[in-house]
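Colleague: I have a model here and some questions about how its parts pack. Can you take me through it?

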Amino acid sequence: HMTELRTTQARQPITTLALRGICKAYTLERIFDILDAACEDERKYDFVHLPKSGGQKHGGLAIVNFTDEESCGQCLQKLLAMSDDGSLSGIKSIGQSYIQGFAENLAYFTVLSRENAGEEPMIFERGEAVRDIWPVIQKHVTPELISWAQEQMKALYGATGLQQEREELKRHG
């Protein structure tokens, strides 16, 4: 079993993209229109998270996980082409997300949500939005994944960074 784990770590499929620096004028509908256009109107994504900061519509970041690596690659190519021809002027960069994978992103959100009650991610099953995400989280997120997500979070923010971020949110919230 251990060898199995080692190989997955060596080469994890790239299924998660991060759209960064999204301009505030972009509504959620606009962001989904862009994603659907990039997926050629097939919802090939199963997780979309736009973390909020303060009272804004979104914090300028969208994390999108795709159902498989191929769909992710195709949508990335499409998004980059759209970006090149100037139709995505409101998005600064499009690339791989730091956290890769459906369950991994759910685990990361779960750990983050303990720190601050931010905006919940949207989850799609066969293209349909899931109303209640917590049963899905319970199904996919193992205690191991939670520990892993906590490690990732420490690596990203450091324990002190998180404290500062929480203070920051309190001040502006």
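Colleague: Is the crossing of α2 and α3 left-handed or right-handed?

Modeller: This is a predicted model, where local features need pLDDT of at least 70, side-chain atom pairs count only at pLDDT 80 or more, and totals for chains, interfaces and linings use all residues. Residues are numbered from 1 along each chain as its sequence is written, and side-chain values use heavy atoms, with hydrogens and water left out. A crossing is left-handed if the near helix is turned anticlockwise from the far one by less than a right angle, and right-handed if clockwise. By that rule, the crossing of α2 and α3 is right-handed.

Colleague: At what angle do the axes of α2 and α3 cross?

Modeller: Helices (H or I, at least four residues) and strands (E, at least two) are DSSP runs, numbered from the N terminus. Axes are lines fitted to C-alpha atoms, for helices over the stretch in contact, and angles run from 0 to 180 degrees between N-to-C directions. Helix α2 covers residues 28-38 and helix α3 residues 69-84; their axes come within 8 Å and cross at roughly 115°.

Colleague: Which residues of α3 does α2 meet?

Modeller: Contact means heavy atoms within 4.5 Å. From α2, the residues involved are I34, A37 and A38. In α3 they meet C75, K78, L79 and M82.

Colleague: How many charged residues are in that contact of α2 with α3?

Modeller: Ala, Val, Leu, Ile, Met, Phe, Trp, Tyr, Cys and Pro count as nonpolar, Asp, Glu, Lys and Arg as charged, and the others, Gly among them, as polar. The contact has six nonpolar residues and no polar ones. The charged count is one.

Colleague: Is C75 buried or exposed?

Modeller: Buried means under 20% relative accessible area, exposed over 50%, and partly exposed in between (1.4 Å probe, protein chains only). C75 has a relative accessible area of 1%. Therefore C75 counts as buried.

Colleague: And Q77, is that buried or exposed?

Modeller: Q77 also lies in helix α3. Its relative accessible area is 53%, so Q77 is exposed.

Colleague: How many disulfides are there?

Modeller: A disulfide is a pair of cysteine sulfur atoms within 2.5 Å. The search took in the whole structure. The number found is zero.

Colleague: Which elements hold F32 and F124?

Modeller: Rings of Phe, Tyr and Trp (its six-membered ring) pair if their centres lie within 6.5 Å; planes under 30 degrees apart count as stacked, over 60 as edge-to-face and the rest as tilted. F32 and F124 are edge-to-face, 5.8 Å centre to centre with 65° between the planes. The pair ties together parts 92 residues apart in sequence, because F32 lies in helix α2 and F124 in strand β5 (residues 122-125).

Colleague: Is the pair of F109 and W134 stacked, edge-to-face or tilted?

Modeller: F109 is in helix α4 (residues 102-115) and W134 in helix α5 (residues 134-140), 25 residues apart. F109 is buried at 4% relative accessibility, and W134 is partly exposed at 32%. The ring centres lie 5.8 Å apart and the planes at 40°, so the pair is tilted.

Colleague: Which residues of α2 are buried?

Modeller: What covers them includes β1 (16-22), β2 (45-49), β3 (61-66), α3, β4 (91-96) and β5. The buried residues themselves are I31, F32, I34, L35, D36 and A38.
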